[in-house]
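Please look through the structure below slowly, with the sequence beside it.

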Amino acid sequence: MNRINYPDRVKLASMPTPIVRLNHWSRELGVDLYVKHDDRTGSDLSGNKVRKLEFHFAEAQARGCDVVVTCGGVQSNHARATAIAARQLGLDAVLILRSRTTPPGGEPVDGNLFLDRLVGARVVWVTPDEYRSREAVYERLDAELRLAGRTPYLMPEGGSDEVGAWGYIAAVEEIAAQESEMGVRFDAIVHAVGSGGTTAGLVLGTKLAGVGAEVRGFAVCDDTAYFVSRVMSIVERTVDRYQLRIPFSSNELRIDDRYKGVGYALSRPEEISLIKSAARTDGIILDPVYTGKAFFGMVDLIRADRLSFGRRVLFVHTGGIFGLLAATSDVVPSLA
Ligand SMILES: *Cc1c(COP(=O)(O)O)cnc(C)c1O
């Protein structure tokens, strides 16, 4: 295995995150099921976005930026992690948040949004339509900030681009070291797919770190064709910019879109029921938007065909605790 040449990074995440065997679910499903606890990359900075942000903020600092601009849904984990990390590094954050209320911004100030507000991030509310053409909003803010003498760093949704991809390239190298320590080889690495950056990093990482596991993603919105093209474009830009010599074709991507349910951030009763069951058996706290759906899809496929992911399966818990805490009213009725 060759040494991987990483771009600059700042330290934000607590790493390595533990890998733990889920005893109840392993017995239940008849496979060895492990969880990679990226929900423990920190407390305020918990989740998968922190890994990407280590590389983004290094780039922002190298370019002399003093404010970061990013976007997401009203309960975006990425926006919250960006807002907090910005403060910790002495920068300001501007968050373009997609709201479903009229006028936009009527949602309760809880969960991630509460933390965005607590650290004093500037929030720019947009409608779902404006969000779809958010390049215009980025351009407007970029011009406005420059006029005010600021130097903005523009980061895409989820931090998912050729810079953010390094977060999960590094995570795979971390997993490879843990495989050696544990004397285990994983057959599959399972995760939720929201903006594609985690998937892009994972697939590049397995190639660069010589990890044999197959990367299996579950889309939480949109569909397989959309994500294959999105992930491929991140992979290609990463390969180009950093001159990685790795062959990769879109046929190698496995992204399942059958478990997004009724839509982004909307839960079905069976998903809520699985979140409850995971909490009450192995004490795993999943979130309704991402990890709950991916875990549901994984369990469903293993039940239908026990070895559909191989014998040893690693589920990457990508976080989302604050989103769960903002959605308790969906769960509370089932807690009796
Ligand atoms: C953003 C997010 C994901 C999806 O990661 P992407 O890199 O955006 O695909 C999964 N889980 C949680 C909890 C997230 O916040």
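Does R185 count as buried or exposed? Before answering, keep in mind that the model is predicted, and that a residue is called buried under 20% relative accessible area, exposed over 50%, and partly exposed in between. R185 has 53% relative accessibility, and therefore it counts as exposed. Its side chain meets that of E179 in a salt bridge, with 3.7 Å from N to O, yet E179 has 4% relative accessibility and so counts as buried.

Because E214 lies in strand β8 (residues 214-219) and R254 in strand β9, the pair ties together parts that are 40 residues apart in sequence. E214 is partly exposed at a relative accessible area of 33%, and R254 is partly exposed as well, at 39%. Elsewhere, salt bridges that share partners join K36, D38, R51 and E174 into one network.

The next topic is the aromatic rings. A pair of such rings is described by the distance of the centres and the angle of the planes. A search of the whole structure finds 11 aromatic pairs. Among them is the pair of Y6 and F55, which is stacked, with 6.3 Å centre to centre and 25 degrees between the planes. This pair links distant parts of the chain, for Y6 is in the segment before β1 (19-21) and F55 is in helix α2 (residues 49-62), 49 residues apart. Y6 is partly exposed, with a relative accessible area of 25%, whereas F55, at 1% relative accessibility, counts as buried.

Another pair, Y264 and Y290, is edge-to-face, with 6.1 Å centre to centre and 75 degrees between the planes. Here too distant parts of the chain are linked: Y264 is in the loop between β9 (254-256) and α10 (269-281), and Y290 is in the loop between α10 and α11 (291-304), 26 residues apart. Y264 counts as partly exposed at 21% relative accessibility, while Y290 counts as buried at 17%.

Returning to Y6, we find that Y6, F55, W166 and Y242 form one aromatic cluster, and that R9 lies over the face of Y6, at 5.8 Å from the ring centre. A charge sits over a ring at F309 too, where the charged end of R216 is 4.2 Å from the ring centre.

Finally, which residues make a nonpolar surface patch of about 300 Å²? The patch is made by V109, F114 and L118. L118 is found in helix α4 (residues 111-118), and with a relative accessible area of 58% L118 is exposed.

Conventions: Residues are numbered from 1 along each chain as its sequence is written. This is a predicted model: local features need pLDDT of at least 70, side-chain atom pairs count only at pLDDT 80 or more; totals for chains, interfaces and linings use all residues. Side-chain values use heavy atoms; hydrogens and water are left out. Patches are made of residues with over 30% relative accessible area and no salt bridge: like charges are joined within 9 Å, nonpolar side chains (Val, Leu, Ile, Met, Phe, Trp, Tyr) within 5 Å. Accessible areas come from the Shrake-Rupley method with a 1.4 Å probe; for residues, only the protein chains shown count as cover. A salt bridge is a side-chain nitrogen of Lys or Arg within 4 Å of a carboxyl oxygen of Asp or Glu. Helices (H or I, at least four residues) and strands (E, at least two) are DSSP runs, numbered from the N terminus. Buried means under 20% relative accessible area, exposed over 50%, partly exposed in between (1.4 Å probe, protein chains only). Rings of Phe, Tyr and Trp (its six-membered ring) pair if their centres lie within 6.5 Å; planes under 30 degrees apart count as stacked, over 60 as edge-to-face and the rest as tilted. A charge sits over a ring if NZ of Lys or CZ of Arg is within 6 Å of the ring centre and within 35 degrees of the ring normal.
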